[in-house]
Amino acid sequence: MKLCPHCGKELQDDAMACQYCGNSVSAEPSSSMEMDAVYKAANTALTCAIIGIFCFGIILGPVAINNAKKAKAVLRPRDPLYGNANAGEIIGWIDIVLSMLQFCTFFSNLI
């Protein structure tokens, strides 16, 4: 048995995610090179999300969400770039919603 690092509940040794809080309980990256990739994913998430507000939101929104989820699976909430990943995920969803509204408005004007 092991403890969830996020909520402290007891989990099976082979658990990949906490059944109580839903956070990943996988091992930390073993090298600084892997950690650099995680930081890059967090920054990429935020960058794609911000650019997606202005153009190509239907494409960049999912890219931002995917990169944010990868980064958040490894980063702890106290890590400095966790906020970038979290913001990237939220803004990525906003990108998708705005893009869908834009498409609906465009096609409703054609009718």
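Predicted model: local features only at pLDDT ≥ 70, side-chain atom pairs only at ≥ 80, totals over all residues.
Residues are numbered from 1 along each chain as its sequence is written, and side-chain values use heavy atoms, with hydrogens and water left out. Local features need pLDDT of at least 70, side-chain atom pairs count only at pLDDT 80 or more, and totals for chains, interfaces and linings use all residues.

A search of the whole structure finds two salt bridges (a side-chain nitrogen of Lys or Arg within 4 Å of a carboxyl oxygen of Asp or Glu). K69, K72 and E89 are linked in a network.

Select K69 and E89: their closest N and O atoms are 3.3 Å apart. K69 sits in helix α2 and E89 in helix α3, 20 residues apart (helices are DSSP runs of H or I, at least four residues, numbered from the N terminus).

Colour by accessibility. E89 is buried at 12%, while K69 is partly exposed at 46% and K72 is partly exposed at 21% (buried is under 20% relative accessible area, exposed over 50%, partly exposed in between, with a 1.4 Å probe and protein chains only).

Next, select G52, I53, F54, C55, F56, G57, I58, D95, L98, S99, Q102 and F103, which line the largest pocket (on a 1 Å grid over the protein atoms alone, an open set of points where a 1.4 Å probe fits, with protein on both sides within 12 Å along at least five of seven lines; lining residues have an atom within 4 Å of a point). The pocket holds about 160 Å³ of space, the volume being that filled by probe spheres set on the points. Helix α3 (82-110) contributes most, with five residues.

Definitions and conventions: Helix = DSSP H or I, 4+ residues; strand = E, 2+ residues; numbered from the N terminus.
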